[in-house]
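Work through the exercises below with the sequence and the 3D view open. Try each task before you read its solution.

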Amino acid sequence: MMRTVSLRHVPTAILSRQTAGIRGRCLIVNLPGKPSAIAECLEAVFPAVPYCIDLIEGPYLETREDFVQAFRPAHARRGA
């Protein structure tokens, strides 16, 4: 997703380092170096971060709905 967003602005973004993964119980998000590109990438992937933390058994993160709506499947939402 980060590369897709970056490709809208830079044709060489497919060669960029934007990637994410886990190591143990840590979520690692490798962002581009340019501040504007960082903002674009985080805006694209941040809704998925709380559920990713759920999957690696981290704390349950909540977001401010007026700022960003976190994506979680129905079975992963609190009270579900």
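**Exercise 1. The whole chain**

What percentage of the 80 residues in the protein is buried?

*Solution.* Start with the ground rules. This is a predicted model, in which local features need pLDDT of at least 70, side-chain atom pairs count only at pLDDT 80 or more, and totals for chains, interfaces and linings use all residues. Residues are numbered from 1 along each chain as its sequence is written, and side-chain values use heavy atoms, with hydrogens and water left out.

Buried means under 20% relative accessible area, exposed means over 50%, and partly exposed is in between (1.4 Å probe, protein chains only). Now the answer: buried residues make up 24% of the 80 residues.

The protein exposes about 5,900 Å², by the Shrake-Rupley method with a 1.4 Å probe, where for residues only the protein chains shown count as cover. Carbon and sulfur atoms supply 59% of that area.

**Exercise 2. The order of elements**

*Solution.* Count them. The protein has 3 helices and 2 strands. Helices (H or I, at least four residues) and strands (E, at least two) are DSSP runs, numbered from the N terminus. Finally, take the overall extent. The C-alpha trace spans about 45 × 30 × 20 Å along its principal axes.

**Exercise 3. The strand pair**

Describe how strand 1 and strand 2 are joined.

*Solution.* First, the pairing rule: two strands pair if DSSP finds at least two bridges between them. Here 5 bridges join strand 1 to strand 2 (residues 26-30), and the strands run antiparallel.

Second, look at the turn. The two strands form a hairpin with 2 residues between them. G24 in this turn has a positive phi of about 65°.

Third, check the cover. Strand 1 (residues 19-23) has 5 residues, and the number buried is 0, so the strand lies largely in the open.

**Exercise 4. One face of a helix**

Which residues of helix 2 are buried, among A37, C41 and V45?

*Solution.* A37, C41 and V45 are each buried in helix 2 (residues 35-45). Seen down the helix axis, the buried residues fall within an arc of 55°, so they line one face of helix 2. The arc is that of the directions from the helix axis to the C-beta atoms.

The face turned away carries the exposed residues P35 and E43. Then ask what lies over the buried side. The cover includes helix 1 and helix 3.

S6 counts as buried, at 6% relative accessibility. It touches A13, Q18 and C41, not counting residues up to four places away in sequence. Contact means heavy atoms within 4.5 Å.

**Exercise 5. Two residues compared**

Is I14 buried or exposed? Is V68 buried or exposed?

*Solution.* Take I14. It is found in the loop between helix 1 (2-7) and strand 1. I14 is exposed, with a relative accessible area of 52%.

Take V68. It is placed in the segment after helix 3 (49-55). V68 is buried, with a relative accessible area of 15%. V68 touches F46, P47 and T63, not counting residues up to four places away in sequence.

Now the spacing. V68 and I14 are 54 residues apart along the chain, and their C-alpha atoms are separated by 26 Å.

**Exercise 6. Salt bridges**

How many salt bridges are there?

*Solution.* Apply the rule: a side-chain nitrogen of Lys or Arg within 4 Å of a carboxyl oxygen of Asp or Glu. The count comes to 3.

- R72 pairs with D54, the closest N and O atoms being 2.5 Å apart. The pair links distant parts of the chain, 18 residues apart. Both R72 and D54 are buried.
- R78 pairs with E62, at 3.5 Å between the closest N and O atoms. R78 and E62 are exposed.
- R64 pairs with D66, at 3.3 Å between the closest N and O atoms. Both R64 and D66 are exposed.
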